[in-house]
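User: I'd like to go through this one with you. Can you put it up?

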Amino acid sequence: MPLLAGPVCLLLHHPRLSWGLATTASWIAFFIALTLLDQVLSNGTITYALGGWAAPWGIEYRIDEINAFVLLIVSGISAITLPFARTSIEYEINPRRIYILYTAWMLCLTGLLGITITGDVFNVFVFLEIASLSSYTLISLSRDPRSLTAAFRYLVMGTIGATFILIGIALLYIMTGTLNMMDLSQRIPAVADTRTVKMAFTFLIVGIGLKAALFPMHFWLPNAYAFAPSAVSALFAGTATKVAVYLLLRFFFTVFGPEFSFDVMQSDRVLLPLALVGVFAASTAAIVQSDVKRMLGYSSVAQIGYMVIGISLVSVLGVTAGILHLFNHALMKAALFVSLGCVVYRIGSTRLTDMAGVGRAMPWTMGAFVVGGLSLVGVPLTVGFISKWYLILAALEQQWWWLAVLVLVSSLLALIYIWRVVEFAYFKAPADPAREITEAPATLLIPTWLLILANVYFGIDTSLTVGVAERAAKLLMGTAS
Amino acid sequence: MNPAMAALLAVFLPLLGAVGIVLLDKHPNLRETVTLVTAAALFLVVYSLVPAVYSGHEPAAHLIELVPGLSLALRVEPLGLLFALIASGLWIVTSVYSIGYMRGNDESHQTRFYVCFAVALSATVGVAFAANMLTLFIFYELLTLSTYPLVAHKGTEEARRGGRVYLGLLLSTSIGFLLLAMVWTWYSAGTLDFVKGGILRDKLDPGLLPLLLALYLFGIGKAALMPFHRWLPAAMVAPTPVSALLHAVAVVKAGVFSVVKVTIYIFGTDLLRDTDATTFMMWIAAITLLAASLVAMTKDNLKARLAYSTVSQLAYVTLGAMLVNTTALIGAGMHIATHAFGKITLFFCAGAIYVATHKTEISDMNGLGRAMPITYGAMLIGALSIIGLPPLGGIWSKWYLAIGTLEAGQGIMLAVLLISSLLNVAYLLPIPIYGFFGKSSKQPNAAAINEAPLPIVIALVFTALGCMVLFFYPEPLYGLMALLFEGQ
Amino acid sequence: MEIFGLYNYWVVVVLMMIGLYVVVASGNLIKKIVGLNIFQTSVFILYISIGKLKGGTAPILMEDPASYSNPLPHVLILTAIVVGVATTALGLALAVRIYGAYGTIEEDEIEEQESTT
């Protein structure tokens, strides 16, 4: 659906119309994702052979609990940020380029949904490139010239990552003669001891790690987030890295199987320390940033670290925590970025010093930011608390005290960087008192608060998220036995 | 009214009040009426729960399930009811007082002030009525967050620094220790409900109990155990009504209340007594008690001195809880009440002096007592009550605490209590004494000083009388506390 | 024999290293893109080598060929080449716009300008 909408947007050549189309398309995608999730939950895995060729020769689309869940996140975030994008984008980018933005947006969405849905590893690569190419475009569309260099850097890193994935896929194909994920998972154990497969594994993980901005391969991310238009940052924060983490899960558990990934390759021993260092280094980096958007970028790197920690615990609880955090972090980061979008709309900057005193002028916007920030810290009644809870529980289950303590300490770092913003916004006098700042328009506020309410709602009523995450985790771990 | 409904209503009523206050932003008189009406209604609602609890019921309300097996739920038990009664009752008095104070000082952002106050009260009642540790934790955090704007109210550099220390210490201890302790408990016991006799028996290696207990006690940063007491003096930059209600009553008492609650309902007194897990924390409490008293003596700023005095008095309650016998726990529970009345009186007086003279240092206050006799009279009563002299309420709680130490066979702790009481005399009594008899040489315009505005005076007289009433009628307090241990 | 028999794979590895080195070491944006291209091309060759069988023929319009090259990797790599071309095009377009904005395509000079603004 979004794939169809993309080119049409280009043809329409009209900002409003292309926006309308993009929004409709993504809402439809969202509802399709909802029904898919519902069906998967009640009927089990759905498969669909593209072009009529049966698997393993044809390209197969395969939907189980986990990717139905990720589909829901991706399409949901896109559906909510698009209404926000209209007003915000008109302000932030050149009006003549707006239709390009929506075209790229749709392509990016297609790519992300495609990666999630497909059951074929080469198809993953193709969709990955669709998503990446369109996201380079999205970032470069901002008015700030620095977005160009940010996009270029992202392009270089992204292409290297994608090529690594390509090499990994080639090596796998050499050894097994198939590209279908299910087929791969059956054939790999037979050849698991060869060096080729191990190389393939390494190439794939490094490639995906680059895309997921896994520490220490995260350098492209903060700049890319900081200079992209706000709505685009929100989309990326909620979706792009999440899909990469999903791929990581997919390859670890489905394609290679936990036994190979963790017993043979012992990747948990590498990932866990890296993720921990990532959480701390990125959080500390976030504390010293003077630009709030960039700060949130670093914070994203840290949060991805949490997901990887969850995954590398290799237990049902740990993976549940990882998947939960995937969902929850998408919600909170998107909420934070859109509320920053409101700030940009009114004061034209996200530098900390320029935000002095906005709390009083824009109570609703900053209220949203505070709630989102608290969610990031993990204060109860927000989604952040639920994922922290599960993560700690998973750590305790392994009797890893130090890990539980470190996770808690790191959330205090989040408290520090969020609170710096709050203090500036509420308790500093505006730098330029003469300037009149008013509240952001309702078209921006409504989507912002929708996201915030989702943050609170899923923090209180967790039956959906926890239930699905748990089932998905069991499914992933279950493929091992 | 159905008691379960009343419990729910008690939590939501102040929130409703807060909404009303926001809506009436532009009409100060109506706004303050709403505050007072809400406060009165809250007290009535809480009071309506008393008969049910006395007859042995524990009204419970179930709100929502967060994670399978873990829900937000309320249950009213005697200790919580006692705490809610004190908090809601003193809210009325404080509201009257703060109207006088805020207007007298022309403070800014008054609406924000009242709103945060109401939200804080809602959180306090939530803490009081929590049916499990998770609910308690949530309201505890809400209390911290809602009082932060109150602490940083003035918006000056100093106020913000105070606010930062306040928030940083309270949130970091609660997330760093308390949350960990909670998850640990949940992991070992499979529940977080408050159950009489505790939930940890046979669930955890006894050797680990002291560690878990330390996590809980340090995690409840609001109980101000050293070395996590720094937030309390820092929070004294807040306007005085905030210091009074929040730092003599709601916030700090939420801390020690949680300590008592954890002792009784999570660990269970029998378990703690059997395993001697409390020794280490008991010493920490004793050290806090003495050290804070000593620090208080060196402080010249009146509010800072009161703050350290609070730290020391809170340690009494923690100490009582750590002695884990019925008498000491009754003493601890009563001390929550008697100290609340005594300390709020002292804070009210400090505020009254500030409104009338804008003085904050004790050494500048010589001779003020002659100009403000009512204020200083009330201050004397409050000080005596905290020291624990008859005919004031403070004696009862100290009495039970002292007997508790003897019952536990901790002679040293008895000595600690007595020494600390002497220190109380040394740092509290001089203030009113110099106020009455000191030379007022430094005040050329002494004649210009009058009593503080009427609402302030009414409030502080009321709480001072409260101290006296508690001496003559301690039965309701004792009765409630004794209910806790019935059948054990 | 073994080593020389696999010479195409050696070419792949050498090209890959050259490409990566250029990407990392070069400060010029255009040269970076060239490096990226070399890097990608090496992977293309890898794919083509997988499928090719000595003496094999293309399995098109033939009944039951005796030995044939596996067409699948070749098809895949067609897609990958298209992707590579798109990436290059986008990269070059970005480079043009960067030149427009900064007046240079040397990375260190751009950084200098960014830090001053």
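This is a predicted model: local features need pLDDT of at least 70, side-chain atom pairs count only at pLDDT 80 or more; totals for chains, interfaces and linings use all residues.

**Helix packing and chain contacts**

Analyst: In chain B, helix H19 (residues 430–437) has B:Ile431, B:Pro432 and B:Gly435 buried. Buried means that 20 or more other C-beta atoms lie within 10 Å of the residue's own, with C-beta atoms placed from the backbone; 12 or fewer is exposed, and in between is partly exposed. Helices (H or I, at least four residues) and strands (E, at least two) are DSSP runs, numbered from the N terminus.

User: Why are those on the same side of H19(B)?

Analyst: Because they cover an arc of only 90° around the axis. The arc is taken over the directions from the helix axis to the C-beta atoms. In general, an α-helix has 3.6 residues a turn, so residues three or four places apart point the same way.

User: What do the buried residues of H19(B) pack against?

Analyst: Three helices of chain B: H15 (368–371), H16 (373–387) and H18 (411–428). Contact here means C-beta atoms, placed from the backbone, within 7 Å.

User: Switching to interfaces. Which chains share the most contacts?

Analyst: Chains A and C, of the 2 pairs of chains in contact. There, 23 residues of chain A are in contact with 26 residues of chain C. On the chain A side, helix H5 (121–140) and helix H6 (146–176) each give two or more residues, and H6(A) gives the most, with 15. That side divides into 16 nonpolar, 5 polar and 2 charged residues. Ala, Val, Leu, Ile, Met, Phe, Trp, Tyr, Cys and Pro count as nonpolar, Asp, Glu, Lys and Arg as charged, and the others, Gly among them, as polar.

User: And how many residues of chain B are in contact with chain A?

Analyst: 19, against 23 residues of chain A. H7(B) supplies the largest share of the chain B side, 11 residues. Chain B and chain C do not touch; their nearest C-alpha atoms are 30 Å apart.

User: What does B:Ala10 touch?

Analyst: Leaving out residues up to four places away in sequence, B:Ala10 touches B:Leu42, B:Val45, B:Val46, B:Ala84, B:Val125 and B:Phe129.

Methods. Residues are numbered from 1 along each chain as its sequence is written. Chains are lettered from A and ligands numbered from 1 in the order in which they are written.
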